[in-house]
Amino acid sequence: MKLKYSWILALLLAGCQAPQQPTEKDVSELPPTTEESQPEDTLPSDAVKQPTDEVEKASELTAQQQQDLWKRIGMQLELPVADNKKVAYYRDWYIKHPSHLRTVSKRAEPFLHLIVEKIEEKDLPMELALLPVVESSYDAFAYSHGSASGLWQFIPGTGKWYGLEQNYWYDGRRDVVASTDAALKYLSDLNERFDGNWNHAIAAYNSGGGRVSSAIRKNRRLNKPTDFFSLELPQETSAYVPKLMAIADIVANQEKYGVDIPAIANKPVLVEVDPKEQLDLGIAAQYAGIPVKELQSYNPAYNQWATAPEGPQKLLIPEAQQEQFLAKVEENRGKGVKLVRYKIQSGDSLGVIAQKHNTTIKVIQNANGMSDSNIRAGRYLLIPTSTQSDSTYALSADNRLKQTQSRNRGDYKVSHTVKSGESFWSIAKNHNVSVQSLAKWNGMAPKDTLRVGQNLVVWKQGEQGAVMRTVYYSVRSGDSISTIANRFKVRSSDVIKWNNLNTSSYLQPGQKLKLYVDVTKVSV
C-alpha cells in the first residue's frame, strides 16, 4: 500500500528537527511588538479573513461533522482565555511563527483524532488535546531535560504510578494510547484535587500538585488572591498555562488572527490491534504492508526490534490495513519472531549471549523453559532474534541514540566509557564541558543514572589530539576579549561563553577569566 499523507515524512524526521519553542522569559521585560518586527510570511495579529461560502457552510455543522479536526477541536474549547500580558505574548509568538504550528499539525495528524475521541468520551475539556503542543510539540519521541518522555512528557515515577511500564523492550510513556489514558486520568485526579479549577490542575500537571497547593496556601496566609496568575510558581509553570491559553485562542479563532493551521481530516487514521503474541517489527510491518520505519513512528514505545515478549504487544497501524494485518497474524500464528539455534561456547553466560543477540536473559529463559541461568558449553539454546539488520529498525532506541550522538556538536568527538563511581558531573569536569551539553549529546537528562560500561560521546573544540587545560588568566591593562582569544588560540565567542560575559561591558584589569587552552599550541 502506498500512503500519500504528507505527515509521514514529518513523523520520520520527528527526532531530527525540533521546532523552535517560545521561551519562558519575563514578559514584563519584553519590548512591545510592532508591525515592523513581524516576519513577512505572517499577518498582523488583528488581521481578519473575509468569510467564504465554505466557512459559512462549516459553521452550520456540529463539531463532530467538521471536515477539519482542528475545527472540531476549536468548536469545543470552553475554558476562559485570560486577558493577560503573558497570554498575549505567547499568542503573538505563535502567530509570528507559523512554521511551528505547521510542524505540530503534521506530527499530530496520525494521533490527534484518537486523542480527541478519548477526551470527548470522558467529557473533559477539549483544551487538553492541545497540551501535547506545549509539552512536546506533538513529538512522540520527545525526551526532555527533566527525564520526561513522550507526547505527554511523563517522568519515570509518575508514569509508573499511572501504570506505564518502562523496561528494556517497552516504554509506556511513549505509547500514544496508554500515555493518553494515563495523562487524562492524571489530569482528572488533579482537577478533583483542586476542586474543579482547571488552571490549577493544568499548572500542577507541569510542576506537581504539591507545589501548586503550597503556592495556594501561601497566598491564603497573606490574604492574596489564589487564581493561577496570582500564584508564585516556577518560571516554566508560570508560562505553561498562558501558552495553552494562547494556543487554544488561536485554534478557536484562526480566521480572526489570520492563522492557517494545516487541516487534518476529521476521521480515524490509526487503529489499535492486538496480535496476542510477540512480533518482530519487521514481520509486523510486512503484515501491515508498510515500511518498518513507518510502523515504528506510530509505535514509539517499542525500544527494540520487536514488541515486548510478555506484553504489551498491541500496535497502532493504518485503519485500512487492519483486516489484512489480522489475517496475516492468524495465518502465521507462532511465527512472529525468528528463532536461531545457538551452540553455547566455553566462557558464555546468559548475559553475554543475550547481549550478542540484542535480547534479554529473561527472553532466552522463556524460550528455552529455563528456571535459572545455569548453562553448559556444547549444548544448544533457541534465541529469539530479529529477521532484519539493525539499520532496518531505524527508530529503535539504539539507532535513535546513534543518530543523536553523531550530530556534529563541535570540531571532533571522543568516546568515554563510564567507570564505577563516575557521574555526569565528574565526566563533564574531566572533559571541560557542561553537564547539560554532555547529557544532550547522549540523548539523556542530567539527572539520569549512568551505568558502568556505558559509552558516551564527548564533543570537543579544536583539533583532535589537543591537550586541553583549564587556565585562569588575570586581565591586564589594554587587554580585550579578542586579544586574549588570539593569545591563547581560542575563539572570542568561547571566552564570552566560558565566563558569562556581556559583550557590551569592558574588561577590568585584575579580572579573572577562565579559559580552556590547548597547551600543544601555546605555552601557559
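Helix 6 (residues 112–121) and helix 9 (residues 176–193) of this predicted model pack with their axes 11 Å apart and at an angle of about 30°. Axes are lines fitted to C-alpha atoms, for helices over the stretch in contact, and angles run from 0 to 180 degrees between N-to-C directions. Helices (H or I, at least four residues) and strands (E, at least two) are DSSP runs, numbered from the N terminus. The crossing of helix 6 past helix 9 is right-handed, the near helix being turned clockwise from the far one by less than a right angle.

The residues that meet, with contact meaning heavy atoms within 4.5 Å, are listed below.

| Helix | Residue range | Residues in contact |
|---|---|---|
| Helix 6 | residues 112–121 | L114, I115, K118 and I119 |
| Helix 9 | residues 176–193 | V176, V177, T180, D181 and L184 |

By class, this contact of helix 6 with helix 9 comprises six nonpolar, one polar and two charged residues.

Elsewhere, N432 lies in the loop between helix 20 (424–430) and helix 21 (435–441). N432 counts as partly exposed because its relative accessibility is 22%; buried means under 20% relative accessible area, exposed over 50%, and partly exposed in between (1.4 Å probe, protein chains only).

Overall, the protein has 23 helices and eight strands, and 48% of its 524 residues count as buried.

Residues are numbered from 1 along each chain as its sequence is written. Local features need pLDDT of at least 70, side-chain atom pairs count only at pLDDT 80 or more, totals for chains, interfaces and linings use all residues, and side-chain values use heavy atoms, with hydrogens and water left out.

Conventions. Nonpolar A, V, L, I, M, F, W, Y, C, P; charged D, E, K, R; others polar.
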